[in-house]
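Here is a short tour of one protein model, written to be read with the structure open beside it.

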Amino acid sequence: MGKESSQAASPRDLRLDQVSKSFGRHRALAEVSLTFAAGEVAAVLGPNGAGKSTLLALLSTLMQPTQGTITLGEQRLTRGSPLRALIGYVGHEPGLYGDLSAKQNLRLFASLYGVHEPERRI
């Protein structure tokens, strides 16, 4: 999954540097450092409780790390960052409306998030 973050990153790489996430006294991630190259496909594998969902929530800016930094190119990913518009994330509970078709759900969320050219992208 990714490569060690000690290697030089390109301007489009996604990089985690010493990222940890705690929920109270429970540490879900501990000092994770990885670099994902632009266009790279990666799988996140591990047993229940390993921190997979937490990692994905951090990468999609749904949460902030307790410590460490996450960057896309030279820009730091933070909750509410404009970079969030470039990130798509569907977790194990996607939160879609069952009364709507897939296209209708995409149109709805595109309108809520101001997606440019939604019909072309859908």
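Arg-107 has a relative accessible area of 36%, so this residue counts as partly exposed (the class between buried, under 20%, and exposed, over 50%, with a 1.4 Å probe and protein chains only). Before going on, please note that this is a predicted model, in which local features need pLDDT of at least 70 and side-chain atom pairs count only at pLDDT 80 or more, while totals for chains, interfaces and linings use all residues. Residues are numbered from 1 along each chain as its sequence is written, and side-chain values use heavy atoms, with hydrogens and water left out.

**Salt bridges**

What does Arg-107 meet in a salt bridge? Its partner is the side chain of Glu-119, at 2.7 Å from N to O. A salt bridge here is a side-chain nitrogen of Lys or Arg within 4 Å of a carboxyl oxygen of Asp or Glu, and by this rule the count comes to two. The Arg-107 pair links distant parts of the chain, with Arg-107 in helix H2 and Glu-119 in helix H3 (residues 118-121), twelve residues apart. The other bridge joins the side chains of Glu-117 and Arg-120, at 2.3 Å from N to O.

| Residue | Relative accessible area | Class |
|---|---|---|
| Arg-107 | 36% | partly exposed |
| Glu-119 | 49% | partly exposed |
| Glu-117 | 36% | partly exposed |
| Arg-120 | 61% | exposed |

**Overall layout**

Stepping back, the protein has three helices and four strands, which follow the pattern β-β-α-β-β-α-α along the sequence. Helices (H or I, at least four residues) and strands (E, at least two) are DSSP runs, numbered from the N terminus. The C-alpha atoms fill a box of roughly 40 × 35 × 25 Å, taken along the principal axes. Of the 122 residues, 25% count as buried.

**The nonpolar core**

Which residues have the most contacts inside the largest nonpolar core? They are Leu-14, Leu-16, Leu-59 and Ile-70, in a core of 13 residues. Such a core is a set of buried Ala, Val, Leu, Ile, Met, Phe, Trp, Tyr and Cys residues joined through side-chain atoms within 4.5 Å. Strand E1 (14-23), strand E2 (26-36) and H1 each give two or more residues to this core, and the largest share, four residues, comes from E2.

A search of the whole structure finds one aromatic pair: the rings of Tyr-97 and Phe-109 have centres 6.2 Å apart and planes at 20°, so they are stacked. Rings of Phe, Tyr and Trp (its six-membered ring) pair if their centres lie within 6.5 Å; planes under 30 degrees apart count as stacked, over 60 as edge-to-face and the rest as tilted. Tyr-97 is partly exposed at 48% relative accessibility, and Phe-109 is partly exposed at 26%.

Elsewhere, the charged end of Lys-21 sits over the ring of Phe-23, 5.3 Å from its centre (the rule asks for NZ of Lys or CZ of Arg within 6 Å of the ring centre and within 35 degrees of the ring normal).
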